[in-house]
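Open your viewer and get ready to select residues. The tour makes two stops.

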Amino acid sequence: MAAAKKGRRSPRSQGYPGRALAVILIALVAMTGGIFLSGNNTPRLGIDLAGGVSITLTAKPNQGSAVSKANMNTAVDIINRRVNGLGVSEAEVQTQGSNTIIVDIPKGTNADQAEKQVGTTAQLNFRQVLTQVVGTPATASPSPSASSSATPTPSGSASASSSATASGSATASSSASSSASSSPQGKAVSGALTSDVNKAPTPVPTTTSPTPSPTPTDTTSTSTTDVSIPADLQTKLDALDCTKADQRATASEGAKATDKVIACGEQDGTWYKYALGPSLIDGKHVSGASSAFDTTQGNGWVVNLSFDSTGASEFTNVTGELASQAAPNNQFAIDLDGDVVSAPSVSQALTGGSAQISGSFTQQSADDLANVLKYGSLPLAFNISDKTTVSAALGSEQLRGGLIAGAVGLVLVVLYLFAYYRGLATVAIVSLLVSAVLTYTIMCLLGPAIGFALNLPAVCGAIVAIGITADSFIVFFERIRDELRGGRSLQPAVARGWPRARRTILVSDFVSFLAAAVLFVVSVGKVQGFAFTLGLTTVLDVVVVFLFTKPLMTILARRPFFAEGHKLSGLDPKSLGVETPLRRFRRTPGTETKEA
């Protein structure tokens, strides 16, 4: 009886192919409508196709911070926010290996500006100025004019900057005039001390030999009363040539926040060198930074800083201590990555927890400086080991080449299918079209959803997927043909051939998906695009074969063109080596039981 029941179920073993076709049709319509409603009707392209800039950063320890996975992840997050701060919403920032970060920025971005943003460590410290001299090696006694303009230009991430004014409140700040600056780096005054600007300047020491008090044994003190310069630091200061970029870059290399350091700063095209005390305020206490155009004081573009509660208290105490000292020790240098952005002097304690850097900023330079300060300093230092610019024209050429390769591969597959499977080839081609539409719509939707970008390796993955998908159809068709050679009619042949083909297809696709998953996990950069696309199309192959190809074949098996084995159907008995014609009559339940 059990066998008889199985035989009675056999006519219904085909299931309901119309339902499966309806499901995939609804999915196609829904996703196609989704890409048009969202406005994302084309895939997001990577920089190798759309053009852009790829920057490779190599990490190195910085101020005692080791190159670790946690620090690398923190750096990726900060760099990503900096780049997004430029208005670039499609940048990709990812780690490669243990000490490398790849930053891919699409076309439409200022490459030089982006390079400064991603490569700047943004270690910000407020240090006391111990001495300040002209930036060339000590061969004479340079004497910078006391009336030189107080408009220094910062180096590093802030591509242009000038005199700095630090104010105790947002409304109490003004920059020093060029005729009354106590140093080439400007003067910080509050609203109550604006009359001090017109006083005679206090010249900065111009000799290369300092006149400090005896060198203390503790050189890591953060007290503003210790203005001595150790002999070894003085030797380095004398030898430093700030006009050379390589010496500027290594002047304070390896120094800690608690060390006395030497640094360089530029003013009106002239470089000055400084001996600076330990950090008095750490830049991590800067809670916010923004650029603004100052119309009240006429300072033009400025950068406004605000401190957290700890920083505000330290800022008040430090400015109070500095105000009681003589020039240049009453100046505090804003030290950004070893470059002196500005070095304003202080005449009284500044309260309110805010400061302002002002001068001849442009809008972009003010935005750049505010951007790196706002998002914090990187835990590691980075060298830009490689920068590649891909033009949009080259990207278009590569995309065109990839599409041509895909088209050639598709045409070859179609020709083979028609030559060998004839009418069955239409089933395979329609299934390929359904798979292509699903792949395209999903790629369009994944761009804004997870930031997926179609690059050249991803296009290669899609081309490889054509063969994988066609292979699944071939396995199914050959199983059906094997059943026909055994003397069965088409409908039972489809029903019996499907379970065997299904197992083969699932095993084959599982191997392909496993390879894609492993490649995605162990690879980095653009290779992941290939692995992701290969895995996606492999999953879609299973979906299409189960929900489209098999149901469609079940329906077509009822049509005389295929059921009677027309010579153009691909199921011709003679071409298959079947001696007897294919049977057209329906089998009795008993007969079906034997075949099952």
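How many of the 9 residues of strand β1 (residues 52-60) are buried? Select β1: 7 of its 9 residues are buried. Buried means under 20% relative accessible area, with a 1.4 Å probe and protein chains only. Strands here are DSSP runs of E, at least two residues long, and helices are runs of H or I, at least four long, all numbered from the N terminus.

This is a predicted model, where local features need pLDDT of at least 70, side-chain atom pairs count only at pLDDT 80 or more, and totals for chains, interfaces and linings use all residues. Residues are numbered from 1 along each chain as its sequence is written, and side-chain values use heavy atoms, without hydrogens and water.

Now show the partners of β1. Strands pair if DSSP finds at least two bridges between them. β1 runs antiparallel to β3, with 7 bridges. Look for Leu 57 opposite Ile 101 in β3. β1 also pairs with β15, again antiparallel, over 9 bridges. There, Thr 56 has Asp 386 as its bridge partner.

Next, select β2 (92-96). β2 joins β3 (residues 100-106) through 5 bridges, antiparallel. Gln 94 faces Ile 102 across this pair.

Zoom out to the open sheet of 4 strands, ordered β2-β3-β1-β15. β2 and β15 (381-390) are at the edges with a single partner strand each, so one side of each lacks a neighbour in the sheet.

Last stop: select helices α12 (residues 456-485) and α14 (residues 527-556). Their axes, lines fitted to C-alpha atoms over the stretch in contact, lie 8 Å apart at about 30°. Angles run from 0 to 180 degrees between N-to-C directions.

How values were computed. Buried means under 20% relative accessible area, exposed over 50%, partly exposed in between (1.4 Å probe, protein chains only).
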